[in-house]
Amino acid sequence: MPVSIDEAFAYHERPGCLNRLTPPWEHVQLEYSDQSLAPGSRVILKTKIAGIPVRWRARHVWCNPPHGFADVQDTGPFSRWCHQHRFESLAPNRSQLTDAIEYKLPAGMAGKLLGSGKARRTIEAMFAYRHRVTQDDLQMLVDYPMSPKTIAVSGASGLVGGGLCTLLSLLGHKVVTITRDEHGTVDEHGMPDAIAAWGSPSEMEKFESVDVVVHLAGKSIAGKRWTPEVKQQIRDSRVEKTRALCEGLAQLKQKPAVVICASATGFYGDRGEEILTENSSCGDDFLSDVAGQWEDACQPAREAGIRVVNTRFGMVLSPQGGALQQMLLPAKLMGGKLGSGNQWWSWIALDDVLGAIVHCIHQDEISGPVNFVAPEPIRNHEFAKTLGDVLNRPAIFPAPKFALRLALGEMAEVLLLASSRAVPERLQQSGYAFRYPDLKDCLRSLLGKEGKPSEPVAS
């Protein structure tokens, strides 16, 4: 790991680390944790084994900061499970983590004969993912060595917002959630844990203790057919809420230094083969219009001297939500291209969305629109083939354009059949290093097909 043993242990000790390092393909839910590594502290996880719900109750039995900690299974899928996390210092700013696992499968010899191979592959895939995420997260402490900030996040219950809150906390920042209702409390230092951004003036004044605002909230565009009523809700949840938030921030005596506000590559519309940078013009469909107004709604904050970044998200990939989650079942059933398959898709791994947001927070020269997409957009038929290859399924059965239009209406045209060949010019120019620049590598990691965990790093 690229940090000292103390920094590495502190990362694992902070609340949210277990969630952060749980592989996204495992569908594990944290039911209870006292957020401690101290001996006697407990964790309860809910998961499924062969489709059967299982509760995994674990207990920490040893903790010696910063050298290690250990947990054992009290009840769960194994007859015995003991996991030691051993930390070793290699140099002042380098350390090594060794995960030592002892386990025994249930059902005696029958369990060993029938399940040992599957168990070994599952454990190796899990720790390959955990080690990769740990190394990448800790590298951020090296890349952005600044003092901890207070960061307010809206949309904290969503796919991006939830992941961002966890990552920011693990990096040592104070996270405040932005809500609609005035129900927040304060911590021992008098800092709020939630702010009602659209509440009373006194509630807005709480933003004076905030360094950064990340505004991600907005009605899902993929939940229902786009009736006139749904379209208005989509527009209002983005444009009106953003304008009200930015007008409130602009009136503060002590303003946040930066506002990161979500947007989308839908700004560009259906552009065929055109390569789209942040300087490309706005499109002419419904989402283009909404995205343009969404970004314009930040103007009060800009005029007040707040640095504003509009993050134009491409297709965010995670098996826990969004487009990839919806594609997995059709892909396993050998589903293929959508429509002609020639349309360009601009995609980005969820962890690169989180990493790029942190990057934009710390890079003072970044403002205005920023394309949050991987360096290499891909045609839809190539995306379907790559996903099929990772899942070991051929991408045989296409979804005809007329069927998609019949099922989803205008949504199909804009979200699935439109061509968006966006590239991350500003992220690359500012030095952001993508975790997942390659689609196949990204899908293998997210779906547990990456292989064995990392080998120890030489000093």
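Is Cys442 buried or exposed, and what is its relative accessible area? Cys442 is buried, at 0%, where buried means under 20% relative accessible area, exposed over 50% and partly exposed in between (1.4 Å probe, protein chains only).

A quick word on ground rules. This is a predicted model, so local features need pLDDT of at least 70 and side-chain atom pairs pLDDT 80 or more, while totals for chains, interfaces and linings use all residues. Residues are numbered from 1 along each chain as its sequence is written, and side-chain values use heavy atoms, leaving out hydrogens and water.

Back to the cysteines. With a disulfide taken as a pair of cysteine sulfur atoms within 2.5 Å, the count is zero.

| Cysteine | Nearest cysteine sulfur | Distance |
|---|---|---|
| Cys282 | Cys298 | 14 Å |
| Cys442 | Cys360 | 19 Å |

Cys282 is partly exposed, at 35% relative accessibility.

Eight of its 11 residues are buried, so helix 7 is largely enclosed by the rest of the structure. Among them are Phe286, Trp294 and Glu295. The buried residues of helix 7 pack (heavy atoms within 4.5 Å) against several elements, including helix 6 (228–250), strand 13 and strand 18.

Those two strands also pair, which takes at least two DSSP bridges: strand 13 (residues 307–313) and strand 18 run parallel, joined by five bridges. Phe313 sits opposite Phe372 of strand 18. As for strand 18 (residues 368–372), five of its five residues are buried.

Key: Helices (H or I, at least four residues) and strands (E, at least two) are DSSP runs, numbered from the N terminus.
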